[in-house]
Amino acid sequence: MDYSAGFSKLIYNSNILFYVTNGDGTILFLNTFGQKLLGITPEDIVDGINSISFYADPEDKNDLDSILKSKKSVFDIEIRMKSKDGRLITGHEYGYIQKTEKGEELICGLINDISDFIELNLSTARLNIEMAETNQKLQDAYNTMAQQEKMATIGELAAGVAHEINNPLGFIKSNSRSMTKYMEMITVVFKQISEKYSLKEIENADKMDFILSDIKEVLEENGDGLNRIAKITESLKRFARMGDEDVKSDFDLNQAVLDTLNIAKIQYKYIADIKLDLGEIPPVYCNGDSINQVLLNLIVNAAHAIEMLGSKERGVIVIKTSSDNGSIKFSVCDSGPGVEDSVAHKLFDPFFTTKEVGKGTGLGLSLCYDIIVQKHKGKIWFENCTPGGARFIFTLPGKAE
Amino acid sequence: MADNLTEEIEFDGLFLSIDTTLPNKITVNVKGRLETANSIHFLNFMTELINSSVTGVDLILAMADLYYVSSTGIGAFTTILVNTKKKNIQLYFKDMQPKVLSVLELLGFTAFFKFI
């Protein structure tokens, strides 16, 4: 039985591209569907159009030819073609080499157009990626909010504690001042008594000169201690003042630096000295609570960086503020190990941290970025210092900007 | 064979090995051709690797010797990217051949990936 007529009909009428080319790729036969798919006419075929011009990347044709040469056939190879009007076509190609009676090698093959199927799959893939990215952004936003909520709670707590400490501190300071005055009077009275009367018979009277002079020092020290407590509670109250983070007002950045240094003292006082270079700057129009948070993160990070060196020598943290053409610049430079180039691009990414486990959440710098760049339209960046250490810098636009 | 470099395994013309020499980085050397037939093996291999990796590491696909990627292979890349995002793993394509990169460009996927 001769099936050739049936196959011939199939080749001419099916929605699969059938072709025959000679060894150099010149198209000798292309069925109707193939002509329609590639946008070519029977005249183009008569003119000897070459199949390589329809491959999106001519290299693909060369690859295909080399496989055909070595294996004499190709099976289910994915190819990308471009029609005459530039439409991208993805196909699965099957082909084999057929020798003619004259010994000429012809390539006979078929290409199944899978463009729609591929486009559907790739569209789904694009959607999946976009959904994953959206999910990641949502997760980041949730984490940032959770962190801000945590910081706000801590701030509220700190402000409450500072307020509670301030009340008894007030009367302790007042009593301390009274006690100092009373002791001055007691000292004078005792001096007069000891000049008029012999105190040899009185127990411990010989130690009174030392005790009275020491009490003076003790009270002075107490006074210093109380003043320091007052300074810290004032800083805490200013720092942790609760408010709407969208509300902006004029803000004294230099005072905020001093307050933050007071609060963060425990983080750096055993490992680094602070060098301050606070310039004359105008008030900054910003949300003070958020900027306090940035200052705290950057200063604590500087201390942690120096601590990471593990050196017995004390490090240095240099803090500068300045004003330039209306914008305000803040920088903090530490004498730590600096930042490796390989991780520099990730510094402001959420959850990225170079700190040891448990020491950093990896949210500090991303929060700083969010506050400075997103909320205040400022800039934040870092640079490695010479001979070592890292400098973090932010600028905030002036009120007019 | 060094402890931090696995032996190369083959899936129908695709060769894979894992290098963990660099700290916090997992490099998968991908060589040969990523075709319709072996893409599923590649995806299974990568999924297993991602599932067993800790959050926060960098996953680098070193592709200097990868000469062909089919659209199914591109699909595998996108699934790998989605899986890495779920685990907060950063995916990088390293030394991608221009020919393979042009396929990604052609299909509009370059914006989703990071190249080094």
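Is A:K61 buried or exposed? With a relative accessibility of 6%, A:K61 counts as buried. Keep in mind as you read that this is a predicted model.

## A salt bridge within one helix

Let's stay with A:K61 for a moment. Its side chain meets that of A:D65 in a salt bridge, with 3.2 Å from N to O. Both residues belong to helix α4 of chain A, where they sit four residues apart, or about one turn of the helix.

## A salt bridge between distant parts of a chain

Now look at A:K72 and A:E105. These two form a salt bridge whose closest N and O atoms are 4.0 Å apart. The pair ties together distant parts of the chain, 33 residues apart: A:K72 is in the loop between α4 and β3 (73-82) of chain A, while A:E105 is in strand β5 (residues 105-113) of chain A. Both ends are partly exposed, with a relative accessibility of 44% for A:K72 and 32% for A:E105.

## A salt bridge between two chains

Next, find B:K99 and A:D60. Their salt bridge has its closest N and O atoms 2.4 Å apart. B:K99 is in helix α3 (residues 98-106) of chain B and A:D60 is in helix α4 (residues 58-71) of chain A, so this pair joins two chains. Each of the two residues is buried: B:K99 has a relative accessible area of 16%, and A:D60 has a relative accessibility of 10%.

A network of salt bridges links A:D57, A:D60, A:D63 and B:K99. Over all chains, the count comes to 16 salt bridges.

## Where chain A meets chain B

How many residues of chain A are in contact with chain B? The contact involves 26 residues of chain A and 24 residues of chain B. Together the two chains bury about 2100 Å², and 55% of that is on carbon and sulfur atoms. On the chain A side, A:E78, A:R80 and A:I129 supply 26% of the area buried against chain B, more than any other three residues.

Four salt bridges cross this interface, and five residue pairs are in polar contact across it. Four elements of chain A, namely α4, β3, β4 (88-99) and α5 (115-196), each supply at least two residues of the side that touches chain B. Helix α5(A) gives the most to that side, with ten residues.

## A five-stranded sheet in chain A

Elsewhere in chain A you can trace an open sheet of five strands, in the order β7-β9-β10-β12-β11, with mixed pairing. At its edges stand β7 (272-278) and β11 (379-384) of chain A; each has a single partner strand, so one side of each is left without a neighbour in the sheet. From one strand to the next, the twist averages 15°.

Another helix, α11 (residues 364-375) of chain A, lies across β11 and β12 of chain A and runs at about 135° to β11(A).

Note on methods
Residues numbered from 1 in each chain as written. Chains lettered and ligands numbered in written order. Predicted model: local features only at pLDDT ≥ 70, side-chain atom pairs only at ≥ 80, totals over all residues. Heavy atoms only, no water. Buried < 20%, exposed > 50% of the residue type's maximum accessible area, 1.4 Å probe, protein only. Pairing = 2+ DSSP bridges. Axes fitted to C-alpha atoms, helices over the stretch in contact; angles between N-to-C directions. Contact = heavy atoms within 4.5 Å. Buried area = accessible area lost by both parts, 1.4 Å probe. Polar contact = N/O pair within 3.5 Å; in protein donor to acceptor, adjacent residues only side chain to side chain.
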